[in-house]
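Subject: Structure handover

Hello,

Please keep it open while you read.

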Amino acid sequence: MHTKTKNIMPYAAAVIFSAIFGLSFLFTKKALVTISAFKLLSFRFLLAFIVMTILVIFKVISVDFKNKPFKELIITSLSQPVIYFIFETYAIKYTSSSYAGLFIALIPIAVSIMGIYILKEYPSKIQWCFIVLSVAGVFYILLNDFTSINGNNMIIGTVFLLLAIIAASIYSIYSRKISAYFTSFEITYFMMGAAALVFNGTALLIDIGNGNITDYFKPLLSKEVMISVLYLGILSSVVAYYLMNYSLSKLPASRSTIFANLSTIVSIVAGVAILKETFRYYHVIGSVMILAGIIGTNYFSTVINIKNQGAEDKL
């Protein structure tokens, strides 16, 4: 029973962090109405770092970074959350939360492609077919949205999303590699600290340049912004990233990232139901293409791994 529960935990963690991330697009979109992207990111990760530091100070959780591979940890932290969230936040500004959530579902595909160069893992022919299907779904939605008045914004937002996906893929691969040396909390704590330093440093420089340094925390007077910062800083940063790092330490990166599909569904439902975002027939067709491609790619990856394992056992 204990072993069964232990095996379920990584999957339960993946479901929870995916649901939290799915709603994060909604809170980000609502906050960006009254606050700049960099200021939102600075408050979010500052709060996350403060919360985690309090846990360390009171010895609720311990950390030890001595004699561990810092180079890989820095690469992981810069790729996500720093680089990833710069592009994701601006992408949400130019597109919709439902579209961003749908597009981010391509991360497992990007991980598979990047695995060719970093992990020397090569997709099969049938996996390539599903990869092409997912990419085609994105372009189908993009081409249809380009005919609308927001077509140019969709192009800009899509480019930002592509760059965010590349950063997230690098994070997924390196997080898996460094999990042998660092605990899930240590990885998350360093990530939050790096993001807090970069984003607050940038936001401070911007305010100093504009002569608004005395109004640095003024946006937090807004109830909408405060609620978003609390959700994004505590749930979406501390809790979700801890669960993600835990899941990545127990599951292969490609299998853990498949749960981005759940984030996609949550973000689409939240965007349409709460923000009243438009979701047309071609969004449905494109969504089916993208999700079918992602599920197919990961399904046949699992089948191939099982066959390979069976062949090795016979030897």
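Buried means under 20% relative accessible area, exposed over 50%, and partly exposed in between (1.4 Å probe, protein chains only). This is a predicted model, in which local features need pLDDT of at least 70 and side-chain atom pairs count only at pLDDT 80 or more, while totals for chains, interfaces and linings use all residues. Residues are numbered from 1 along each chain as its sequence is written, and side-chain values use heavy atoms, with hydrogens and water left out.

Ile57 has a relative accessibility of 57% and therefore counts as exposed. Ile57 belongs to helix H2 (residues 37–57); helices are DSSP runs of H or I, at least four residues, numbered from the N terminus.

Next, the aromatic pairs. The whole structure contains 23 of them. Rings of Phe, Tyr and Trp (its six-membered ring) pair if their centres lie within 6.5 Å; planes under 30 degrees apart count as stacked, over 60 as edge-to-face and the rest as tilted.

Phe17 and Phe21 are edge-to-face, because their ring centres are 5.9 Å apart and their planes stand at 65°. Both lie in helix H1 (residues 2–31), four residues apart, about one turn of the helix, and both are buried.

Phe27 and Tyr231 are stacked, at 4.1 Å centre to centre with 15° between the planes. This pair links distant parts of the chain, 204 residues apart: Phe27 is in helix H1 and Tyr231 in helix H9 (residues 223–250). Phe27 is buried at 18% relative accessible area, and Tyr231 counts as buried at 11%.

Regards

Definitions and conventions
Helix = DSSP H or I, 4+ residues; strand = E, 2+ residues; numbered from the N terminus.
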